[in-house]
Amino acid sequence: MPAQKKKTSSLGELEKRVYEDLKEEVLRGAFSPGFHLVERDLAAHFKASRTPVRSALQRLETEGLVERRDGRGFRVRLPDIQSALEMLDVREAVEGMAARLSARNANAAQKQQILDIITEMENCERNSDAINYYRLCGNLHRAIFSAANNTTLHDFVLNISAQSSVLHYKTLLLAKRIDQSIAEHKAIVQAIVQGDEDSAEQHIRRHIREIKHLVANLNKLNSMTDSVLLRASWSA
């Protein structure tokens with residue numbers, strides 16, 4: 001009887017690990033939008049059986065991060081523009097709160113992490129490296145969420161941010177958008193590091209509104225960027 005309980009517990013721990021690891025990889029863009037998530041390959045990647053992988057995919061489906069492919073498994077979800085705009089409305093509010101709390105609560109190590117990321121983003125901007133710039137954008141926003149030191153807010157904003165991030169990448173392919181984006185992020189970071197709560201919230205809200213404006217006009221970019229998105233695979 002105790003052995004059976006231990007086995008059940010181990011299975012539960014494995015399912016939790018696979019779910020958390022797979023979710024983290026989806027959130028940081030390790031799989032490109034539309035990428036077919038094959039259970040067999042994921043099981044090998046995570047050194048697990050297909051059962052915990054299937055369970056993780058089903059959980060991520062309920063969270064809106066992956067979707068079913070007409071009976072052919074799962075793929076990383078690419079939201080439609082209207083859904084992304086609705087998510088961005090929510091992001092503006094909750095990321096504004098996250099930036100405000102980060103300016104209030106970030107410790108020295110968290111501020112340094114944020115500064116280090118913005119330095120890497122500047123290097124990508126100089127090299128016109130949109131793919132790695134996009135990855136670092138995600139890292140920066142997640143660092144800001146963490147620096148808020150509010151677990152409930154962190155988990156909520158992480159999910160909603162991830163669901164609209166794919167279309168965010170498309171906006172970076174617009175001429176001069178990376179130049180504008182780096183300026184927006186530097187203003188956010190400066191306010192957080194200086195502990196200016198009002199400015200931090202205002203700057204990140206303005207940044208999200210700019211993304212929303214660009215996403216609303218993305219139809220003309222779809223044919224140009226879809227092939228790029230389907231080929232790209234981002235790693236940390």
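Begin with helices H5 and H6, whose crossing is left-handed (the near helix is turned anticlockwise from the far one by less than a right angle; clockwise would be right-handed). The model is a predicted one, in which local features need pLDDT of at least 70 and side-chain atom pairs count only at pLDDT 80 or more, while totals for chains, interfaces and linings use all residues. Residues are numbered from 1 along each chain as its sequence is written, and side-chain values use heavy atoms, with hydrogens and water left out.

Select residues 108-126 for H5 and 130-147 for H6, which pack at an angle of about 165 degrees with their axes 9 Å apart. Helices here are DSSP runs (H or I, at least four residues), as are strands (E, at least two), numbered from the N terminus; axes are lines fitted to C-alpha atoms, for helices over the stretch in contact, and angles run from 0 to 180 degrees between N-to-C directions. The two helices are therefore roughly antiparallel (over 145 degrees; under 35 is roughly parallel, 65 to 115 roughly perpendicular and the rest oblique).

Now turn to the largest nonpolar core, where, of 30 residues, Leu22, Phe31, Leu37, Leu42, Leu57 and Leu60 touch the most other members. Such a core is a set of buried Ala, Val, Leu, Ile, Met, Phe, Trp, Tyr and Cys residues joined through side-chain atoms within 4.5 Å, where buried means under 20% relative accessible area, exposed over 50% and partly exposed in between (1.4 Å probe, protein chains only). Helix H1 (2-27) is one of the elements that give two or more residues to this core, and H1 supplies the largest share, five residues. Centre on Leu57, which, neighbours within four places in sequence aside, contacts Leu22, Leu37, Glu39, Leu42, Val66 and Phe74.

Finally, select Glu92 in helix H4. Glu92 is buried, with a relative accessible area of 13%, and, not counting residues up to four places away in sequence, Glu92 touches Arg205, Ile208 and Arg209.

How values were computed. Contact means heavy atoms within 4.5 Å.
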